[in-house]
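Welcome! Here is a short tour for anyone meeting this structure for the first time. Take a look at the model, then read on.

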Amino acid sequence: MTNEVAKVEGGVTNSADLPIDIAIAAFLDRQHEKGRFNETLRTYRKALNQFLKRSGIYDIRQFDSHVVNQFLLGLSEVENTNTGNKLSTRTKRLYRAVLMKFTKFLYDSGVIAKDFSSDFTEFKLGNEDYHARAALTCKDAKKLLNVFKRKVAENTTEENLRNYAICRLLLSCGLRCVEVQRANFGDLE
């Protein structure tokens, strides 16, 4: 299997006998090499495993926009295993994005002759799909930052310094909470 993954990464001109699970393994390996976070890789793996399970294809020759669109449209009937509710539009958009990345990887690797990812069914977000996020005013943001700054001045502990750094990153850099949560010293440099 390792040799076949290497063939996919090196570019394949004759992909007639290539099992799709080998191509998926090569895609995930490539994403790992690019430094994707483990959570991202798990998401990619979950989306592609769902695609394999629901589409029933096993050979790369069967992979085309029609099969992907059937899978994407079928997601409307799928229930979230955690909540029992139908999958959200955001989740369906995520699955589409992963399949688009996978398709582009196959095209760039020479496994497929055409990048047909632009033909995939789109899912539009409705009003109910948007989060009603409250934003801090500049005045409120400064007050919040000053609270953490004061705590550091009163007691310079690692926890107070960390909290101040987190608050500063969130407010000054426009980072999302998950980006700050996953940040490490290398990212900060």
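A residue is called buried when its relative accessible area is under 20%. Ser109 has a relative accessibility of 8%, so Ser109 counts as buried. Please keep in mind that this is a predicted model.

**Around Ser109**

Ser109 sits in the loop that links H5 to helix H6 (138–154). Its side chain reaches back to the backbone oxygen of Phe105, at 2.9 Å.

**Two crossing helices**

How do helix H3 and helix H5 cross? The axes of H3 (residues 38–55) and H5 (residues 89–108) come within 9 Å, and they cross at roughly 90°. That angle falls in the range from 65 to 115 degrees, so H3 is roughly perpendicular to H5. On the H3 side, the residues that meet H5 include Tyr44, Leu48 and Phe51, while the H5 side includes Tyr95, Leu99 and Phe102. Sorted by type, the residues of this contact are nine nonpolar, two polar and two charged.

In soluble globular proteins, nonpolar side chains tend to be buried together. Here the largest nonpolar core holds 34 residues, and those with the most contacts inside it are Phe51, Phe63, Leu72, Phe102 and Leu106. Helix H2 (20–33), H3, helix H4 (65–74) and H5 each give two or more residues to this core.

**A closer look at H4**

Within H4, the buried residues are Val67, Val68, Asn69, Phe71 and Leu72. The buried residues of this helix pack against H3 and H5. Beyond its sequence neighbours within four places, Leu72 is in contact with Lys92, Tyr95, Arg96, Leu99, Phe120, Thr121 and Phe123.

Asn69, also in H4, has a relative accessible area of 15%, so Asn69 is buried too. Leaving aside neighbours within four places in sequence, Asn69 is in contact with Asp119, Phe120 and Thr121. At its N-terminal end, H4 is capped by Asp64.

| Side chain of | Backbone atom | Distance |
|---|---|---|
| Asn69 | nitrogen of Thr121 | 2.6 Å |
| Ser109 | oxygen of Phe105 | 2.9 Å |
| Asp64 | nitrogen of His66 | 3.2 Å |

Technical notes:
Residues numbered from 1 in each chain as written. Predicted model: local features only at pLDDT ≥ 70, side-chain atom pairs only at ≥ 80, totals over all residues. Heavy atoms only, no water. Axes fitted to C-alpha atoms, helices over the stretch in contact; angles between N-to-C directions. Helix = DSSP H or I, 4+ residues; strand = E, 2+ residues; numbered from the N terminus. Parallel < 35°, antiparallel > 145°, perpendicular 65-115°, else oblique. Contact = heavy atoms within 4.5 Å. Nonpolar A, V, L, I, M, F, W, Y, C, P; charged D, E, K, R; others polar. Core = buried A, V, L, I, M, F, W, Y, C linked by side-chain atoms within 4.5 Å. Buried < 20%, exposed > 50% of the residue type's maximum accessible area, 1.4 Å probe, protein only. Polar contact = N/O pair within 3.5 Å; in protein donor to acceptor, adjacent residues only side chain to side chain.
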